[in-house]
Amino acid sequence: MPPFRFSHPIEVRYADLDPQRHVNNATLFSYLEQARARYLQQLGLWNGEDFDRIGIILAEASATFKAPIAFTDRVSVELGVTRLGVKSLDIDYRVRDAQDRELATGRTVIVTYDYQKGESIPIPSQWRRILAQFEGLDETPVPRSARGV
């Protein structure tokens, strides 16, 4: 995994737990989503208010669960864009506790999307520039097949 330049703390809520007394597997995706929204806000790509203007749609999501997350755990989600394509980008995630234990990893594919037209669009040049600069990536689009997935 790459070094991450963004981290967001997550409060484990009682409602997040399942009958096995740890965070439900499906809830992990909510944690990734929350961190992703804060990442976009921090980079100035979304103001956190107008969901139609954010211009992205989730195309794929996966997670690897490494250890259970308990109600008393203090966790954070680290994330970073690892591939800038033509119309999509990959985001990798790592969930850690306060003792720096890796609890889960994840990956999402986000497609830039025009909700008015109902179709995918190229990643806006401003987004490409900001993401590449923040993550230390080349702005040149990398096809999904070049990543090996």
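Which residues line the second largest pocket? They are H8, P9, I10, E11, R13, D16, T27, S30, Y31, E33 and Q34. This is a predicted model, where local features need pLDDT of at least 70, side-chain atom pairs count only at pLDDT 80 or more, and totals for chains, interfaces and linings use all residues. Residues are numbered from 1 along each chain as its sequence is written, and side-chain values use heavy atoms, with hydrogens and water left out.

**The pocket**

- The second largest pocket holds about 180 Å³ of space. On a 1 Å grid over the protein atoms alone, a pocket is an open set of points where a 1.4 Å probe fits, with protein on both sides within 12 Å along at least five of seven lines, and lining residues have an atom within 4 Å of a point. Points are joined across faces, edges and corners, and the volume is the space filled by probe spheres set on them.
- Strand 1 and helix 1 are the elements that give two or more residues to this lining. Helix 1 gives the most, with 5 residues. Helices (H or I, at least four residues) and strands (E, at least two) are DSSP runs, numbered from the N terminus.
- By type, the lining divides into 3 nonpolar, 4 polar and 4 charged residues. Ala, Val, Leu, Ile, Met, Phe, Trp, Tyr, Cys and Pro count as nonpolar, Asp, Glu, Lys and Arg as charged, and the others, Gly among them, as polar.

**A buried valine**

- Look for V77 in strand 3 (residues 75-84). V77 has a relative accessible area of 0%, so this residue is buried. Buried means under 20% relative accessible area, exposed over 50%, and partly exposed in between (1.4 Å probe, protein chains only).
- V77 and I10 are 67 residues apart along the chain, yet their C-alpha atoms are separated by 7.1 Å.
- Leaving aside residues up to four places away in sequence, V77 touches F6, S7, H8, I10, Y31, L32, A35, Y93, R94 and V95. A contact here means heavy atoms within 4.5 Å.

**Salt bridges**

- The count comes to 9 salt bridges, each being a side-chain nitrogen of Lys or Arg within 4 Å of a carboxyl oxygen of Asp or Glu.
- One of them joins D16 and R13, with the closest N and O atoms 2.7 Å apart. D16 is buried, at 1% relative accessible area.
- Another joins D92 and R107, again with the closest N and O atoms 2.7 Å apart. D92 lies in strand 4 (residues 88-97) and R107 in strand 5 (residues 102-114), so this pair ties together parts that are 15 residues apart in sequence. D92 counts as buried at 4%, while R107 is partly exposed at 26%.
- D100 and R96 also meet in a salt bridge (3.0 Å, N to O). Both belong to a network of salt bridges linking K66, E78, R94, R96, D100 and E102.

**Aromatic pairs**

- The structure holds 4 aromatic pairs. Rings of Phe, Tyr and Trp (its six-membered ring) pair if their centres lie within 6.5 Å; planes under 30 degrees apart count as stacked, over 60 as edge-to-face and the rest as tilted.
- F6 and Y39 have ring centres 5.4 Å apart and planes at 80°, so they are edge-to-face. F6 is in strand 1 (residues 6-10) and Y39 in helix 1 (residues 25-42), so the pair links distant parts of the chain, 33 residues apart.
- Y113 and Y115 form another edge-to-face pair, at 4.9 Å centre to centre and 70° between the planes.
- Ring pairs also link F6, Y39 and F134 into a cluster.
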